[in-house]
Structure formats: C-alpha cells, structure tokens
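Please take a moment with the sequence and the three-dimensional view shown here before reading on.

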2 protein chains.
Amino acid sequence: MAQTRDQALKDRAAKVIPGGMYGHLSMQLMAPNTPQYFERAKGGYVWDYDGNRYIDFMCGFGPNLLGYGHEEIDAAFVEQLKQIDAAVGPSAHMIELAEAYVDQITHADWAMFCKNGSDATTISLLTARAHRGRKKILLAAGAYHGASTWNTPLPAGTVPEDRANFIYYEYNNPDSLRAAADEAGEDLAGIFATPFKHEVFQEQLLPNPEYARAARQICDTKDAILVVDDVRAGFRLERDCSWRSLGVQPDLSSWGKSLANGHAISAVMGNERAREAAKQIFVTGSFWFAAAPMAAALKTLEIIQTSEYLERSIKLGERLRDGLASLADTAGVPLTQTGPAQMPLIMVTNDQGERDHFASQNFCAGLLQHGVYFHPYHNMFITAALSDADIDHTLDAAHSVLRTLPAQVAA
Amino acid sequence: MAQTRDQALKDRAAKVIPGGMYGHLSMQLMAPNTPQYFERAKGGYVWDYDGNRYIDFMCGFGPNLLGYGHEEIDAAFVEQLKQIDAAVGPSAHMIELAEAYVDQITHADWAMFCKNGSDATTISLLTARAHRGRKKILLAAGAYHGASTWNTPLPAGTVPEDRANFIYYEYNNPDSLRAAADEAGEDLAGIFATPFKHEVFQEQLLPNPEYARAARQICDTKDAILVVDDVRAGFRLERDCSWRSLGVQPDLSSWGKSLANGHAISAVMGNERAREAAKQIFVTGSFWFAAAPMAAALKTLEIIQTSEYLERSIKLGERLRDGLASLADTAGVPLTQTGPAQMPLIMVTNDQGERDHFASQNFCAGLLQHGVYFHPYHNMFITAALSDADIDHTLDAAHSVLRTLPAQVAA
C-alpha cells in the first residue's frame, strides 16, 4: 500500500514538533488509521489530506457548535477584521458581548474575556481565592479544568506546590464534598464543578441534584465561591449556564470552545458577589481584547437565541444513541453510551462492563473506513449542522463494523 | 463640554466588566483623556469612537509589527479560514510553520504553538523542569513573563506556593545570577531572561554580554535550561532570537505578539537538548492548532525575510529619539529615553532623574490632543508602517507639548 499523505505529514512533523504532535488533538492513543492532519472542514464534515471525507462527531473537541466554516459567523469575523482586531484597546464589541451574556446567562452580572479554556478556569481560580483571601479549592478527583500547571493531567514539569491547596472530592457525592469542605475549614476559597462528569476513559455521569445543591449550600454558608466549569459543555446543554435545569446558580462560570463557533475566545461570567474579587486580580493576554472573535461571538449568540440548534443536536444525538444501542444489541457487542445524547461517550466494553481499549479503537478504526470520525475514549460532540442522512450513514457504517467486533471483544 | 462617546462606552463597560476594563490595555493609570475603546485601526493609525485619529506608538502592545489590517497577511488568514481553522486536527500549516521557524531561528530544532505569551512562557517553565526533574527556576527580579499565577505582577488570588520554587536575581548582574544558581544547587532547572530589561515604570537596560554568557555557562555546567523570553521583543531586534547578536543561544525561546502581525498565535522554539522534556509535558488549548493564524504567521515570516521592515523601524525610532532629545533639551524638560530605538521607553523625570508620573502622563495627554498615542510608563513599539511624515508630525506635536511642561516638572 502506498504511503498516505497523512503519514508523510506525520513523518515531517516528527522532525520539527516534539513527539510529532502534542495536546488533546494528538491521535497517538487513537486507532492507527486515524488521520492527524486535515485539509478542509465544512458544516459537519472534515477532509483529510488523502481526499477522505468524514462525518465529524468531535467538532474540533467542542468549538464547532453550528457547523465548520459557518457563513454568517465567519462573515461577521471578517468584516470586523477589516475595521479593527487586536489593537491598543478593545472595540465596543467587548461591551456589547458582555451585555449580551449578562442578559442571556441567569447568574451573570458581568463577563471577562480571554483565549483558552484554561485562562477562564484560572481566572475563576484567582477570583475565588481573592474573594476572601483564602487558599483551598475543592476539585472533583480526576476532573479536567484545562492544562494549566495546577490541573494538567500529566505530572511532567509540574511541582507538588502547584497543587498544594487543592482538596479532591468524589463527583456527585455530597458526603465526599462536605468532608472536603470540612477539611478546608476556614480556608475554603471555592468549589469547582464540571456541569456533568465528563472525564476521558470513564463513563460519563449526569449531575446529582443533591450534590449540586450541597455545593451551593456550602459556598453560601462559608462565603466561598461556586464555579461551574462550562468550557466543554457551554451552550450544548442549555442556552444558559448548564446547571440552570438543576436550579443551582454558580457565582462564576468558565466558558470557551463553542462561544464563537471556533474563533478563539473564552470567558468568565460572574455575579455581583464575585465582582470585587475579579477587579483585584491581574490577568491579561496579548490577544484577549481582539474585536473580530467578539463580533463572531455576538453572531453565534444571536443564532443560539433564534435557532433550534440545541433541540436539533439533541434529536440527532438521541437518534444516534437509539440506533447504536439496537445495532450493538443485535450484534452482541457490549456498547456503553453515557452522558447527554448530544455529548456522548461511546465505549466498547468487555463482559464485565469494563472499557476495552482495543475494541473501542477497532470500532473507531472501522468507522473511519466508512467516513465516520468517532473518538474511542473522549466524549464526542454533535453539531446541529449534521443531517438525518448523516446519522443514517453513521448507523449503516456501525452496522457493518459491529458485525466484525464480537470476536475481538470475546478474545 | 459634551460627553465623549468614549466616556459613554466606559460608563456602559463599568456595569458589565469588573472595574470597567482589566489587563494591560486598561488605561486606568494613563492620562485621563486617553481613549479606552477604538473603532478602527489601519497601518500605523488607530481611531477612537469620537473620530480622532492617532499615530499609534504602542502597536497594540506589540502585535502590530507591519501595520494594522495588513492586506497580504489578512488575506492569507481569510483564505485559510475558508478551508479549515480550528478542527479535529491541525492542517499542514502547523508543520510548514515549524519548519520555517527551524530554518529561521538559529537555536531552534523544533517548535510548539499556543495562543498567549503566557502559554509560551509556561511551556518553557514546564519543559525546563521536566528536563532533569528539577524544581528551581531563576528569574530576574521584577521581570514580566506573562500573567500566569506564577508570574502575575499583582498578588491578589495567588498563593505563596505559586512562587515557592523561584529564585530572583538582578538583571544584567552576573554575580547575582551566579549566587542565585548556587542557592538552587543541584535543583536548578533553568534560567529565564528577557532579551533586554523592559519592565514598566523603570529605565530599560540593554543586556550585558557578560551576564548573557554567564547564564549560558551556568546552564551548560549544571545541565539546566536557558530560556530567552522573546514574547515582547521577538522579530523587533533581530530576524532571529534576540540574543543572536550577543552570540548566546538559549535552549528555549518563547514567542508571541508579533508572530502573525496581530492574529492570535504564540510559540516556543527549542533545541535538541530540550526536545525530550518537551515531549513529556502535557499542554494544550482549544484553539492552539487553528490553521488560519498559522497561515498568517507564514505570510508574516515571509515579509520579515524579504522586506526592510526591521531596518525601517530602527531608522524611524532613531529619528524620533534624536528629535525628542533635541526638543527636550531646548525646552529644558528632562526626558529619559531608554531601550532599543524601535522599542523606546520615554519618561519625563525630575531634577534627580526620577520618573515623574504626572509629568509623564501630561506629556502623553498633550500628545493625544495632537493625534499622537504615546505610553507614559510602558515601552512603546514602532511599526514599519509609519512614515517619515508621521515622525515629523510627532516631533511637531512634542515641540508644542514640551514647551508647556517645564513649569509642571519644576512644580
């Protein structure tokens, strides 16, 4: 078999990029036939350098909410780019966007803008600690809040002091949360929570309302700051902060990924209680105040408000979930599907219900050959830009692939 | 006097953004007539919301290297945006850009890309510590390496542990550097240095070659990592790492701001010695692998290689410096001009040579009224997009303003 163009690119990359690729878009733990480089993206599709088109169920790990290369959103970006982007001060779009989020997000009285999701979670961290000058932060064990030194999942290059002031609790467990708060005592600065449990390699868990209410109550009692980290799930569960449906409002929420449908912007939104602390911290970045991503975010929000994108992505996700469940059942393949239907984690398991890494990889490898891009160990994202026909094609592909899997799973 | 549109924007912002504005683009310590919001930017000019045009000597605090709204660079960005930007993997532009930097930057054998300057300095920090699993980093006292928790200049929200493993030395002082290295002992991970001393509120200092060579020698002897933080000065002193002219090559250099002439991208470049450590760390960001800023960076590098932008910005800077020196002398105003001519820090001082904040503010306030945007306490940046006529206009403006200043300085 001739070498693929993707492999040729990987070979070139290995010389000038450490490890050939790094970070969350590295395909090193994915199926060996997973392309690393992509030439084109449009709507719900991506194309690799060998001319293969894939129905993309990763959405760039979240940014693609409404479709790659969205005409209206990109036009808003480009028009603004012609006027002013990164300069000696922001444009009025910064104020308009903050006002729009304050109107849209129930708990928010203000907003701050940044670039990375990690910027947003770190601003929340600093604000929580500045609020009463306390140090201890409660984090759910294993939760990903970005790749800053205080939370990156690999220890290389970090020092123990980076995590000296964190206390870890079990997600969804109010007793564990209360015990962690007791341990923090008078030094409790805040509690971080992802809107649902969405760690890699593990079944996703929807939030237990009792846990969410306990987090709010502890923060109220101790004058600490409750942070919902909505970087990954923002605007994919709600047109508001993701804990709205639980009736629990945080003091701060961190946002990123989907805000401008792929243009680089993230944000922290906060309530009056957290405003003074947010004023005191010093955070900044060279491109944080750039106008073009803000113009794109305003257009994205307008579409969020006026379209049925959310209902559509849920419906597509449920159709996929139901179809896969039926196919897996028929094929005798144990397939675990967890999390919200529009952000599913799909894993092939063994007879004991444990995740089978190679079977999960093989499932994805098979789908790739049918032009379907799934992820074997990270939650996926379903964009409203997909059609019912795309889901049908995906189910047809899964039908073919699942028939070949049982032998592997059993072995 | 009728309220300005800028003031109306500031009033709106105060409601929905903590403190009305934050970070390095806040004008809170600048002259009261400094506009906070800008409607348009082109070439070397910015326009506020009241229709005033300014010759901009800040370049967005660095990103504007070749002119705002640069037609060729923005066209490269927009063309790429139509193909693919942030997706499930990078485009081949990531490899091309890394290859181009490896060719261009003498010490570099590889590159990694990110968004903020702070991302680039933090990747350098993690890589230095991962290299031999050591903890101690030497930093010049007061040096700015971004607003991450380990270096943000204001303490609010940080904890002492964030800085537990830093030892501070005096910039340009080899003895101080050696003493800091001795203190680190066997636990020395690396030394950070800005290419020249460019802190706010203080005279800038060009690097002492003996200091630079001592830094290199210590790192060689102790198997530690030397980092030059070129985020602010990259491609403004050299078409290479800024310490090239000193004959000192770092192991790592951090870059940002000017790389794509205002589009959001930063980078770390490293040598073979640092490659294994760079492979081990886990760093990432939602938009780090976006293709459009990389296409813009490739076009920017092409112009860096093929134009006289650097010689031109130096010539413009020297013309400004010489002219201001002469005017200040005639007017009897003690004006201190330090740093490279194309990155000048200009401060009005008192008779003891100490910085006079109010006189410096007043100087800038006066220039603003003549359509010239100077900064009273931060180094400025001169873009090659300015014309000789712009410098003439600036000197005419300075002539008028300086005549009114001596009384204030004396008082």
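This is a predicted model: local features need pLDDT of at least 70, side-chain atom pairs count only at pLDDT 80 or more; totals for chains, interfaces and linings use all residues.

What follows goes from the relation between the chains to the packing of some helices.

The next step is the interface between the chains, where 94 residues of chain A are in contact with 94 residues of chain B. Of the interface residues of chain A, 100% are also interface residues in chain B, so the copies meet through the same surface. Between them, chain A and chain B bury about 8400 Å², and 65% of this lies on carbon and sulfur atoms. On the side of chain A, the residues that lose the most area to chain B are A:Tyr22, A:Val88 and A:Phe282, which together account for 11% of what that side buries.

Helix α2 of chain A, residues 71–83, packs with α8(A) at an angle of about 150°, the axes being 8 Å apart. Since angles over 145 degrees count as roughly antiparallel, α2(A) and α8(A) are therefore described as roughly antiparallel to each other, and their crossing is right-handed. The residues that α2(A) brings to this contact are A:Glu72, A:Ile73, A:Ala76, A:Phe77, A:Gln80 and A:Leu81, and those that they meet in α8(A) include A:Ala291, A:Pro293, A:Lys299 and A:Ile303. Sorted by class, the contact of α2(A) with α8(A) holds ten nonpolar, two polar and two charged residues.

Helix α3 of chain A, residues 93–104, also packs with α8(A), and here the axes come within 9 Å and cross at roughly 25°. That angle makes α3(A) roughly parallel to α8(A), and the crossing of the two is left-handed. Among the residues that make the contact are A:His93, A:Leu97 and A:Tyr101 of α3(A), together with A:Met294, A:Leu298 and A:Leu301 of α8(A). By class, the contact of α3(A) with α8(A) has nine nonpolar, three polar and one charged residues.

Turning to chain B, one can look at the helices α3 (residues 93–104) and α8 (residues 291–306), whose axes come within 9 Å and cross at roughly 25°. α3(B) is therefore roughly parallel to α8(B), and it passes α8(B) in a left-handed crossing. In this contact, residues of α3(B) including B:Met94, B:Glu96 and B:Ala100 meet residues of α8(B) including B:Ala295, B:Ala297 and B:Gln305. The contact of α3(B) with α8(B) divides into nine nonpolar, three polar and one charged residues.

Methods: Residues are numbered from 1 along each chain as its sequence is written. Chains are lettered from A and ligands numbered from 1 in the order in which they are written. Side-chain values use heavy atoms; hydrogens and water are left out. Axes are lines fitted to C-alpha atoms, for helices over the stretch in contact, and angles run from 0 to 180 degrees between N-to-C directions. Helices (H or I, at least four residues) and strands (E, at least two) are DSSP runs, numbered from the N terminus. Angles under 35 degrees count as roughly parallel, over 145 as roughly antiparallel, 65 to 115 as roughly perpendicular and the rest as oblique. A crossing is left-handed if the near helix is turned anticlockwise from the far one by less than a right angle, and right-handed if clockwise. Contact means heavy atoms within 4.5 Å. Ala, Val, Leu, Ile, Met, Phe, Trp, Tyr, Cys and Pro count as nonpolar, Asp, Glu, Lys and Arg as charged, and the others, Gly among them, as polar. Buried area is the accessible area (1.4 Å probe) that two parts lose on being put together, summed over both.
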